[in-house]
Amino acid sequence: MRYGSGMYRYLAIATLGALLLQGCAAKSMADKEKPAPVAIVPIGINGVTFEAPPQVCDSATFVPMQRINTGWVALVPFGFCRPDNPQVMFNSTRQWWGEKDEGIIGCTQLLKKQGMQIMLKPQLWIGRGTFTGDYDAGSEEAWQQWEKGYSDYILHNAQLADSLGIELFCLGTELEFAVTHRSAYWLGLIQAIRKVYKGKLTYAANWNEFEKVSFWPQLDYIGIDAYFPLSEAATPSVNELVKAWHKSFSVIEKVQTTAQKPVLFTEYGYRSTDYCAKEPWVHGRDGTVNTTAQANALEALYRRFAPEQWFAGGFIWKWHANDARINGEKNSDYTPQHKPAESVIQQWYQQKNNGAQ
């Protein structure tokens, strides 16, 4: 009986030990599968791009931005030219109020009263469906005419920005062909801007262009319109998207290390549709509304970039003036207004920045 009793106790202890080890192993596996807690790192330049209103707006227009803790707003005074005509037109009586000098002045005054900081982002619109990055004036004579008109446009807005105390100025948006083929012009333009504008400077390079920009060392920020393709899934998870950033992140980090300038997403965003992270640059009104996909994509972007000391922040594309009219449940546009994306942005925009780096 003593031997049998001892053997019983031995088997019982061994069984209990095995169960405990199995339980520990299961817990360890569960811990590995459970996503790690995310530390919210407040975004420095916590901005939105404001869609220029057709008519005069008032201070109430900007109050809804407080829902997501916005501290910065990009204002866009559009300029225009056509593929077959190098003349650059801007501040025309035919333009919307918010695209002209009077609108920029009015919006800036209202925003500053609410404690907002501003990026002025003159942006060229090429007619007849031509993408700005493909614009080629053609002959040397045409290029010189275009450059004269573009300089007038940019320097006019740089002087306006300086007079209004605007903190950040963007000297161009997605002009890949002009930037890569007319590099001397851009160096001269930057020098001219510095003479009339005292704030920080950037350029908004398209996601597939920023590696080719030669003048990053002459600016204060590496500006990227961050519409990188990430996933072909209809509703990719946050973890899937964080992993999908690996390749593009490495390229951005390499450019940043070389230029030694902080990175600013001069535009970033996703439509609230299925497959929104597949080709984020594709505009349109079609597609099945999917607000979860949009929220996941934004959450992944913040998780991947916010902890990096060289990441300055960015400007959501985009925020509409008619906030009350936007039905988030049916809206497939880039705006986060009245969608789950607002809660995501609000967390990462939780503190207002006190100034550009």
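Author: What follows is a set of questions about labels and the values behind them.

Author: The model is predicted, so local features need pLDDT of at least 70 and side-chain atom pairs count only at pLDDT 80 or more, while totals for chains, interfaces and linings use all residues. Residues are numbered from 1 along each chain as its sequence is written, and side-chain values use heavy atoms, with hydrogens and water left out.

Reader: What makes a stretch of the protein chain count among its helices or strands?

Author: Both are DSSP runs, numbered from the N terminus: helices are H or I with at least four residues, and strands are E with at least two. The protein chain has 9 helices and 11 strands.

Reader: Why is Pro64 called buried?

Author: Buried means under 20% relative accessible area, exposed means over 50%, and partly exposed lies in between (1.4 Å probe, protein chains only). Pro64 has a relative accessible area of 15%, so Pro64 is buried. Of the 357 residues of the protein chain, 51% count as buried.

Reader: Where does Pro64 lie, and which residues does Pro64 touch?

Author: Pro64 is in the loop between strands E1 and E2. Leaving aside residues up to four places away in sequence, Pro64 touches Trp319 and Asp323; contact means heavy atoms within 4.5 Å. The C-alpha atoms of Pro64 and Ala321 are separated by 9.2 Å, although these residues are 257 residues apart along the chain.

Reader: Why does Arg128 count as exposed?

Author: Its relative accessibility is 62%, so Arg128 counts as exposed. Arg128 sits in the loop between E6 and helix H3. Phi of Arg128 is near 60 degrees, a positive value in a residue other than glycine. Most residues other than glycine have a negative phi, and most peptide bonds are trans.

Reader: What is the phi of Gln260, and why does Gln260 count as exposed?

Author: Phi of Gln260 is near 60 degrees, again positive in a residue other than glycine. At 58% relative accessibility, Gln260 counts as exposed. Gln260 is in the loop between H7 and E10.

Reader: How do you know that the span of helix H8 agrees with its number of residues?

Author: The expected span is 1.5 Å times one less than the number of residues. For the 15 residues of H8 (residues 291-305) that should be 21 Å, and the end C-alpha atoms are 22 Å apart, which agrees.

Reader: What makes H8 mostly covered?

Author: In H8, 12 of its 15 residues are buried, among them Thr291, Leu298 and Phe305. The buried residues of H8 pack against helices H6, H7 and H9 and strands E10 and E11.

Reader: What makes a set of grid points a pocket?

Author: On a 1 Å grid over the protein atoms alone, a pocket is an open set with protein on both sides within 12 Å along at least five of seven lines. The largest pocket has a volume of about 1,200 Å³, where volume is the space filled by probe spheres set on the points, which are joined across faces, edges and corners. Its lining has 39 residues, and the closest to its centre are Gln123, Trp125, His283, Trp317 and Lys318; lining residues have an atom within 4 Å of a point. The largest share of the lining, 4 residues, comes from E6.

Reader: Which peptide bond is cis?

Author: The bond from Trp317 to Lys318 is cis, with omega near -10 degrees. Lys318 is found in strand E11.

Methods:
1 Å grid on protein atoms, 1.4 Å probe; cavity = no way out; pocket = protein on both sides within 12 Å on 5 of 7 lines; lining within 4 Å.
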